[in-house]
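Please examine the sequence and the three-dimensional structure shown below. The paragraphs that follow lead through selected parts of the chain.

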Amino acid sequence: MSTDVLLALIGIAGVASATLYARRRQWIDALLVLVAAVALGLFAAGIRLPGDAGRTLTLEPNSAAPMLEGVRAFAVKGDGLRAAQWNDLPALPLQWQRPEGGTLRLHYPRQLALGRTFTLRVQRDDKTEARLQLLGENGQVIADARGTGDLSVGWTPPLAERLVLKARLQDAAGKTIAEGPVPLTIHEPSILQVQGRFGAPSFDLRTLNELLAGSGALLDWQVVLGRAITRTELPLEEMKAPNLLVIDAAWFERASSAERSALLGRVAGGLPLLVLGANANDPGVWSRTLGLQLQAQPSDRKIDTPFELPVAPLNPAAREAGEWSGTDNLVWTRNWQKGRIAWLGASEWHRHAISEPQALALWWQGVLDRVGIDVSKEIEWLEPEELPLPGQRMELCARGVKGDVSFPELKLTRTWAARTDSACVAVWPEKAGWLQVKDAKAGTHAVYVYAPGDWPQWQAAQRRDATARYAARTPDKALEGAPRAFPAWPFALAFVLAMLLLWWRERR
């Protein structure tokens with residue numbers, strides 16, 4: 001029987017009984033019948049009032065997974081919980097007051113190609129004067145910086161190796177504010193496969209050739225030395241998939257329409273193109289073919305980033321020139337369907353090959369970065385979103401993997417679980433240090449597990465961020481609280497008392 005039908009029958013019986021008592025002028029008895037009927041109806045209706053049903057559970061960071069039966073909300077104090085802990089909990093209202101200050105965040109790559117500059121940046125709440133030091137494994141300072149607000153240091157690794165550096169943050173008086181490990185894996189760089197076509201020889205071309213060859217790049221290099229004379233350098237091994245085209249302006253201006261179309265067709269298919277603009281002579285060609293408006297530059301104009309270089313005779317007139325966007329180191333770029341074209345408007349970099357070879361290599365690396373060379377990687381390891389800690393759940397993800405992955409130190413084998421753009425496994429590291437990972441396809445990898453006392457201010461920042469994200473997951477309606485049932489026993493008691501009193505009056 002439905003609740004509505006039951007309430008209707010109770011109402012009819014109550015009204016009918018009260019009417020009968022009223023016809024005999026037994027007003028008190030009629031009132032008692034009505035009170036009993038109303039109490040019985042309220043008892044059967046199960047009235048629910050606005051409010052929260054259940055209890056509030058206070059969560060502790062180091063406690064085991066809680067029992068959630070009867071829990072309607074969570075409460076947490078301090079910095080909150082880690083993301084891995086929140087991900088295992090349902091979305092419920094959260095009582096939490098975010099602390100202010102006392103945190104810092106470190107930003108740095110865990111993996112780096114040899115030849116690249118390692119940059120460590122510390123983002124901190126305190127904006128007072130401070131000093132950031134980067135120390136090698138032998139304890140020697142290899143880089144430092146002073147200043148207020150965020151601080152950063154840079155260092156160029158000399159070898160491909162796996163190491164654990166140390167960072168130290170000190171206040172103006174030299175007192176250590178925070179310090180901890182900075183794990184870094186330096187790997188061999190991906191091999192560039194470069195095709196170069198040049199209309200005139202120069203010392204700049206020779207220096208660029210030496211820089212690329214010194215980095216291990218495969219070179220298909222052709223330089224026109226004179227009428228019907230071309231110097232050709234073939235790659236040492238088969239060039240299967242070129243990932244960069246380099247030309248000088250003279251070659252492009254002298255090329256036939258068919259050669260230009262073929263070149264731009266390859267760029268449109270996704271191959272980046274770098275144009276060395278120092279010997280450009282015909283602005284009309286560039287305007288018609290690439291939409292690049294060139295303007296004559298003063299003969300004595302130079303740039304100084306990071307060293308002095310003369311500006312090419314013809315360059316775009318402004319930093320933003322139509323489809324082209326420029327930078328301070330005189331590199332303009334534009335998209336060309338699936339590819340990208342870059343114009344380098346500087347020259348005479350060969351003068352720095354002997355006096356400043358490291359600075360020259362870094363400058364050229366920045367130029368190539370602007371070109372947007374995409375060296376495809378079949379396998380890519382992704383870093384954990386938060387600091388791995390012993391005894392805490394860690395999620396390791398990678399792209400291009402499937403099947404099983406093993407953790408020799410844990411004597412554990414897991415199966416990759418597919419995600420939208422990656423695959424992941426979850427493990428619980430047992431101790432601090434490098435955790436070895438072996439995959440049949442991806443090979444050997446290592447993840448650094450931090451000790452519980454490493455970077456407490458950074459851990460606090462991550463917990464606060466994770467707790468704030470969890471609070472944002474809670475539905476708005478859930479924050480209002482679930483309706484709770486009003487206690488039924490007062491209605492039952494009122495019905496019993498009314499019926500007993502009516503029975504007593506009938507028995508008199």
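**A guided reading of the predicted model**

Arg 121 and Asp 150 join their side chains in a salt bridge, with N and O 3.5 Å apart. Such a bridge is defined as a side-chain nitrogen of Lys or Arg within 4 Å of a carboxyl oxygen of Asp or Glu. Because Arg 121 belongs to strand 7 (residues 118-124) and Asp 150 to the loop between strand 9 (141-147) and strand 10 (151-155), the pair ties together parts that are 29 residues apart in sequence. Strands here (E, at least two residues) and helices (H or I, at least four) are DSSP runs, numbered from the N terminus. Arg 121 is partly exposed, as its relative accessible area is 33%, and Asp 150 is likewise partly exposed at 35%. By definition, buried means under 20% relative accessible area, exposed means over 50%, and partly exposed lies in between (1.4 Å probe, protein chains only).

This is a predicted model, in which local features need pLDDT of at least 70 and side-chain atom pairs count only at pLDDT 80 or more, while totals for chains, interfaces and linings use all residues. Residues are numbered from 1 along each chain as its sequence is written, and side-chain values use heavy atoms, with hydrogens and water left out. The protein chain has an average pLDDT of 86, and 94% of the residues score at least 70; pLDDT is the predictor's confidence in each residue, from 0 to 100. Over residues 477-482 the pLDDT falls below 50, and this stretch has nine contacts in the model beyond near neighbours in sequence. A contact means heavy atoms within 4.5 Å.

The account now returns to the salt bridges. Side chains of opposite charge can pair when their charged atoms come close. The structure holds 18 salt bridges. One of them is formed by the side chains of Asp 79 and Arg 463, at 3.3 Å from N to O. This pair links distant parts of the chain, 384 residues apart: Asp 79 is in the loop between strand 3 (71-76) and helix 3 (83-87), and Arg 463 is in helix 9 (residues 456-473). Both Asp 79 and Arg 463 are buried.

A further salt bridge connects Arg 419 with Glu 395, whose closest N and O atoms are 2.6 Å apart. Arg 419 lies in the loop between strand 30 (417-418) and strand 31 (423-427), and Glu 395 in strand 27 (residues 394-399), so this pair ties together parts that are 24 residues apart in sequence. Arg 419 counts as partly exposed at 44% relative accessibility, and Glu 395 is partly exposed with a relative accessible area of 28%. Salt bridges that share partners also join Asp 79, Arg 463 and Arg 464 into one network.

Strand 5 and strand 7 run antiparallel and are joined by four bridges, and Arg 105 stands opposite Gln 123 in strand 7.

Two glutamines deserve a look. Gln 133, in strand 8 (residues 130-135), counts as buried because its relative accessibility is 5%. Leaving aside residues up to four places away in sequence, Gln 133 touches Val 141, Ala 143, Asp 144, Lys 166, Ala 167, Arg 168 and Gln 170. Gln 193 is in strand 13 (residues 193-198) and counts as buried at 15% relative accessibility. The residues that Gln 193 touches, not counting those up to four places away in sequence, include Leu 218, Met 239 and Ala 241.

Finally, the backbone can be considered. Gln 337 is not a glycine, yet has a positive phi of about 55°; Gln 337 sits in the loop between strand 24 and strand 25 (339-344) and counts as exposed at 69% relative accessibility. Trp 455, also not a glycine, has a positive phi of about 50°. Trp 455 is found in the loop between strand 33 (443-449) and helix 9, and counts as buried at 3% relative accessibility.

How values were computed:
Pairing = 2+ DSSP bridges.
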